[in-house]
Amino acid sequence: GVPQDVLPRLFEPFFSTKPDGMGLGLPLCERIAERFGGRMAAANRAEGGAIFTLALPLAAAERRDEAAE
């Protein structure tokens, strides 16, 4: 899991718990998800461990048709 004091800062740019970490991986993932109308979240599981969720909207039918051309 993720320590409770770290959880709220996971998507903060340049925040890292690793000595050599840059703190850009998760913030970048979150920004990409938001750019496509989605969202990203992190939480701790009651049984232990962490769960990360990436939710993206379904593409509209017209967008799928354009991509196929």
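**Overview and detail**

Guide: Of the chain's 69 residues, 17% count as buried. Keep in mind that this is a predicted model.

Visitor: What does the secondary structure of the chain come to?

Guide: There are 2 helices and 2 strands. Reading from the N terminus, the elements run α-β-β-α.

Visitor: And how much accessible surface does the chain have?

Guide: About 5600 Å². Carbon and sulfur atoms account for 57% of that.

Visitor: What share of contacts join residues at least 24 apart, among those at least 6 apart in sequence?

Guide: That share is 25%.

Visitor: Switching to Glu 30. Where does it lie?

Guide: Glu 30 sits in helix H1, which covers residues 25-35.

Visitor: Is Glu 30 buried or exposed?

Guide: Buried, because its relative accessible area is 14% and the cut-off for buried is under 20%.

Visitor: Which side chain does the Glu 30 side chain make a polar contact with?

Guide: The side chain of Arg 31, at 2.9 Å.

Visitor: And what is Glu 30 in contact with, leaving aside neighbours within four places in sequence?

Guide: Phe 11 and Met 40.

Visitor: How does the lining of the largest pocket split by class?

Guide: The lining has 8 nonpolar residues, 4 polar and 1 charged.

Conventions
Residues are numbered from 1 along each chain as its sequence is written. This is a predicted model: local features need pLDDT of at least 70, side-chain atom pairs count only at pLDDT 80 or more; totals for chains, interfaces and linings use all residues. Side-chain values use heavy atoms; hydrogens and water are left out. Helices (H or I, at least four residues) and strands (E, at least two) are DSSP runs, numbered from the N terminus. Buried means under 20% relative accessible area, exposed over 50%, partly exposed in between (1.4 Å probe, protein chains only). A polar contact is a pair of N or O atoms within 3.5 Å; within protein, one must be able to donate a hydrogen and the other to accept it, and residues adjacent in sequence count only if both atoms are side-chain atoms. Contact means heavy atoms within 4.5 Å. Ala, Val, Leu, Ile, Met, Phe, Trp, Tyr, Cys and Pro count as nonpolar, Asp, Glu, Lys and Arg as charged, and the others, Gly among them, as polar. Accessible areas come from the Shrake-Rupley method with a 1.4 Å probe; for residues, only the protein chains shown count as cover.
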